[in-house]
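This note sets out, in numbered points, what may be read from the structure shown below. Please keep the sequence and the model in view while reading.

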Amino acid sequence: MILVLRVPPILERMDGVDQIGRTAGVDDDTGAEGAGRRGGTGTGEPVDGVGDSGRALGAFLRARRGRVAPEQVGLPEGRRRRVQGLRREELARLAGISVDYYVRLEQGRATQPSPEVLDALARALGLDTAERGHLATLAGTRRGPAPRARVSPQLRRMLDAMAHFPAFATDHRLDVVAWNALGAELIGGLADPAHRDRNNARYLFLDPASRVVHPEWEDRAAEAVGQLRVAAGRHPDDAELAGLITELSTHSADFRRIWSTGEVVMCAAGRKRLRHPVAGLLTLDFETLHVPAAPGETGLVVHVFSAEEDSEESTALRRLATAVATASAGG
């Protein structure tokens, strides 16, 4: 794995549904803009896409419909459009289903479409693999108690053993449930709960310090929202998750804006930039390792940052790890 790490040779301190009441075939405001106005308006009311399966499916379809420009699918833009995106009847025609049936899907009155209908809608909306999976999840039956997160002694031991690799583990609510010392230091002082909220989404959207730690804040925020949407689809009965999403929607206009787009994100690998008060601006590659779920539990995701062995970059991370260990020992 190649890692680009900008660190000076000597480490110096530098300084987060309502029913469709219009007639099918008439332009409306139920695209991304409309969904943003209805779901999570800052009043603490339920958010579209959370809880009820039918409403969640309809909210996702509306949001994705609002992101498809008519010209993308060979349709004229028209003059009567008040918002961006496809009209309901246009999407129904592209998918080869009746307008009435599609309207019932958006209203939550048809909640278990066939795999063929889902595939047709996914093609018409241009959904990627993660979005197709989320659509199928919303159309299925997924009732049951909220899973609990459990960190095994083996996982804690593994994290501690990776002393020179920043690492932390999150559950489906984006709670950071385990970490090693370097991982805690790298992502905003995680070890001190008074300093940094241990829910990554709450930290991103409600703590201004997150925008300093994450220079590419908009990307990190979109990832968090997309992951919460996937979790809400998988666990519609998780009251704690629903409460978190409602809280963020109530207190963060940025969260409401991103949520309204229907963003769906699955954890993967990539590159991120982080700003540390000692090490400076770091451009790091990362991998995500998935810990399978036991019955009644939620699977965990372990996020690991690493540098190429014997490189200047790995030396810099070791220096930071040594500084963290020294500080932890009171020296």
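1. What percentage of the 331 residues of the chain count as buried? The share is 50%, where buried means under 20% relative accessible area, exposed means over 50%, and partly exposed lies in between (1.4 Å probe, protein chains only). The chain exposes about 15,300 Å², of which carbon and sulfur atoms supply 51%; these areas come from the Shrake-Rupley method with a 1.4 Å probe, and for residues only the protein chains shown count as cover.

2. The model is predicted, so local features need pLDDT of at least 70 and side-chain atom pairs count only at pLDDT 80 or more, whereas totals for chains, interfaces and linings use all residues. Residues are numbered from 1 along each chain as its sequence is written, and side-chain values use heavy atoms, with hydrogens and water left out.

3. The chain contains 14 helices and six strands. Both are DSSP runs numbered from the N terminus: helices are H or I with at least four residues, and strands are E with at least two.

4. The largest nonpolar core has 28 residues, and L61, L91, I97, Y102, L105, L121 and L135 touch the most other members. A nonpolar core is a set of buried Ala, Val, Leu, Ile, Met, Phe, Trp, Tyr and Cys residues joined through side-chain atoms within 4.5 Å. Helices α2 (53-65), α3 (88-95), α4 (99-107), α5 (115-125) and α6 each supply at least two residues of this core, and α5 gives the most, with seven. A second, separate core of 21 residues includes V47, F205, W217 and W259. In soluble globular proteins, nonpolar side chains tend to be buried together.

5. Within α5, the residues V117, L118, A120, L121, A122, A124 and L125 are buried. The helix α5 is followed by G126, which has a positive phi, near 65 degrees. L135, leaving aside its neighbours within four places in sequence, is in contact (heavy atoms within 4.5 Å) with L57, F60, L61, L118, A122 and L127.

6. β2 pairs in the antiparallel sense with strand β6 (residues 300-305) over four bridges, and with strand β3 (residues 176-179) over three bridges; two strands pair if DSSP finds at least two bridges between them. A167 stands opposite V304 in β6, while A169 has A178 in β3 as its bridge partner. β2 and β3 form a hairpin with five residues between them, and L174 in the turn has a positive phi of about 70 degrees.

7. Helix α12 (residues 239-251) has 13 residues and reaches 18 Å from its first C-alpha to its last, close to the 18 Å expected at 1.5 Å a residue; the expected span is 1.5 Å times one less than the number of residues. In α12, L241, L244, I245, T246, L248 and S249 are buried, and the buried residues of α12 pack against α9, α11 (217-234) and α13 (253-259).
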